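I opened my notebook to look up a few residues, and then how the parts of the chain meet. My entries follow in the order I made them.

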Amino acid sequence: MNFNSHNFPQRPAWAEIDLGRLRRNLQLIRGDLPRDVKFLAVVKDEAYGHGALDVASAALATGAWGCGLSTLEEAMILRDAGITAPLLLLGERQEAELEWCVAHDLTVCVNEPHNVRALARIAAGFEKRVPVHLKINTGMSRYGVRWDEALPLIELILAEKSLVLEGMMTHFAQSDEADKTFANLQAARFDEVVRALEQKGIFVPLKHICNSGGILDLPHAHRDMVRAGLLMHGVYPSLVCRRIPGIEPVMSVKAKIAAIQTVKPGESVGYAMRYTATSERRIAVLPIGYGDGFPRVRNEGGALIHGRRAPLVGGVAMDAITVDITDIPQARMWDEAVLMGRQGGEEISVRDIAKLKNSVTYDVLTNWRLRLRRKAVNHPDQGETRISPRDTDQHAAGPVAANVNL
Ligand SMILES: *Cc1c(COP(=O)(O)O)cnc(C)c1O
């Protein structure tokens with residue numbers, strides 16, 4: 001027996017990533033879009049906690065043009081793993097990052113003149129013609145040059161021989177609500193810039209606006225490419241946006257029952273005695289807590305065990321939650337519980353967890369911590385999902401790999 005750190009028994013709590021569903025979602029979204037609209041898979045923040053390398057690989061295999069990322073490190077990890085497709089860095093770069101971007105062919109979004117000049121100089125030094133995507137601020141007021149002040153910056157880019165204005169983009173402040181007034185105003189402002197350029201005979205090949213909400217509800221804004229994050233994972237940005245039939249959530253969170261207690265009337269459960277039994281109750285302890293990203297609620301929410309709802313009782317601890325299984329007499333030690341996802345006919349959705357957190361689905365997915373092992377199912381070559389591939393390389397794929405790079 002080899003007792004090294006690669007093969008120890010895995011913790012009885014994990015996040016399951018169904019790569020089969022991911023591939024199906026990608027195909028369904030692709031099929032929902034007009035054929036000539038390109039697809040940028042936004043895989044920032046480990047693809048919203050699902051594992052950037054697996055999601056990027058699946059998206060590129062279904063014909064995605066490239067991937068969108070937030071940090072230089074995220075992009076370098078994909079390049080190091082052998083992904084050669086375009087990688088678009090969203091947001092703004094520090095000047096010191098630009099050399100790395102040019103050296104590794106990472107496409108930069110440009111927002112202002114200083115970095116345009118710096119990037120042009122660096123690209124010339126590498127003897128490269130480097131594509132850039134210009135970000136237009138049409139009302140989000142985050143990154144980008146104002147739509148009504150964009151022309152001088154565009155002329156600056158066009159004047160730089162080492163730069164190619166490959167893309168022009170903007171981002172919706174509100175694309176998933178029923179009221180599309182502001183989204184339509186943003187698209188109209190974007191069009192003002194496009195028209196002004198086209199009158200000068202300048203045609204930018206990749207104009208892109210839509211995130212998941214826009215993909216679903218603003219088809220007139222699809223343009224040349226869409227940028228999809230959340231929707232790939234089978235989760236909708238809001239309750240009111242359009243549904244694509246067949247799309248299903250990719251991530252589930254599971255744990256096994258690690259203790260069962262019988263609590264007598266008048267006895268309490270957990271820190272600060274937040275729950276007191278009024279009759280004899282059977283309580284299951286699940287070894288997962290707020291230290292894994294479970295919301296720190298009390299006497300709210302719960303888990304699915306044997307396809308039935310077990311309400312959470314007491315508070316959520318760092319490493320444990322307690323659920324009432326009095327009405328599930330068949331529940332035994334090490335039975336599987338679902339904290340997010342489906343079991344039998346029941347479901348605890350990402351949105352249900354978001355409600356407990358008073359937050360949005362994006363926040364729920366990205367906040368499952370990495371100590372919660374990602375277990376890929378329906379992987380083309382089975383096994384752990386490849387979160388933090390640098391660590392995976394060092395340790396050979398094993399249970400520790402997904403947990404190291406916090
Ligand atoms: C994160 C992000 C997206 C993806 O948004 P979803 O709603 O997850 O599809 C698209 N564009 C930009 C600029 C982003 O930062």
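**Entry: lysine 200.** I looked up what lysine 200 touches, leaving out residues up to four places away in sequence. I found Leu151 and Glu155; contact here means heavy atoms within 4.5 Å. This is a predicted model, where local features need pLDDT of at least 70, side-chain atom pairs count only at pLDDT 80 or more, and totals for chains, interfaces and linings use all residues. Residues are numbered from 1 along each chain as its sequence is written, and side-chain values use heavy atoms, with hydrogens and water left out.

Where does lysine 200 lie? I placed it in the loop between helix 8 (181-199) and strand 9 (206-208). Helices (H or I, at least four residues) and strands (E, at least two) are DSSP runs, numbered from the N terminus. Lysine 200 counts as partly exposed because its relative accessibility is 47%. The classes are buried (under 20% relative accessible area), exposed (over 50%) and partly exposed in between, with a 1.4 Å probe and protein chains only.

**Entry: glutamine 186.** I went to helix 8 next, where glutamine 186 lies. Is glutamine 186 buried or exposed? Its relative accessibility is 0%, so it counts as buried. Not counting residues up to four places away in sequence, its contacts include Thr138, Met140, His171 and Phe172.

**Entry: methionine 273.** I found methionine 273 in the loop between strand 13 (268-269) and strand 14 (275-276). Methionine 273 counts as exposed because its relative accessibility is 56%.

Entry: Six residues from domain 1 and six residues from domain 2 make the contact.

How much area do domain 1 and domain 2 bury between them? I read about 670 Å², with 62% of it on carbon and sulfur atoms. Buried area is the accessible area (1.4 Å probe) that two parts lose on being put together, summed over both. On the domain 1 side, Tyr48, His50 and Leu230 lose the most area, together 60% of what that side buries.

I then looked for salt bridges across this interface and found zero. The rule asks for a side-chain nitrogen of Lys or Arg within 4 Å of a carboxyl oxygen of Asp or Glu. Helix 2 (residues 44-49) gives the most to the domain 1 side, with three residues.
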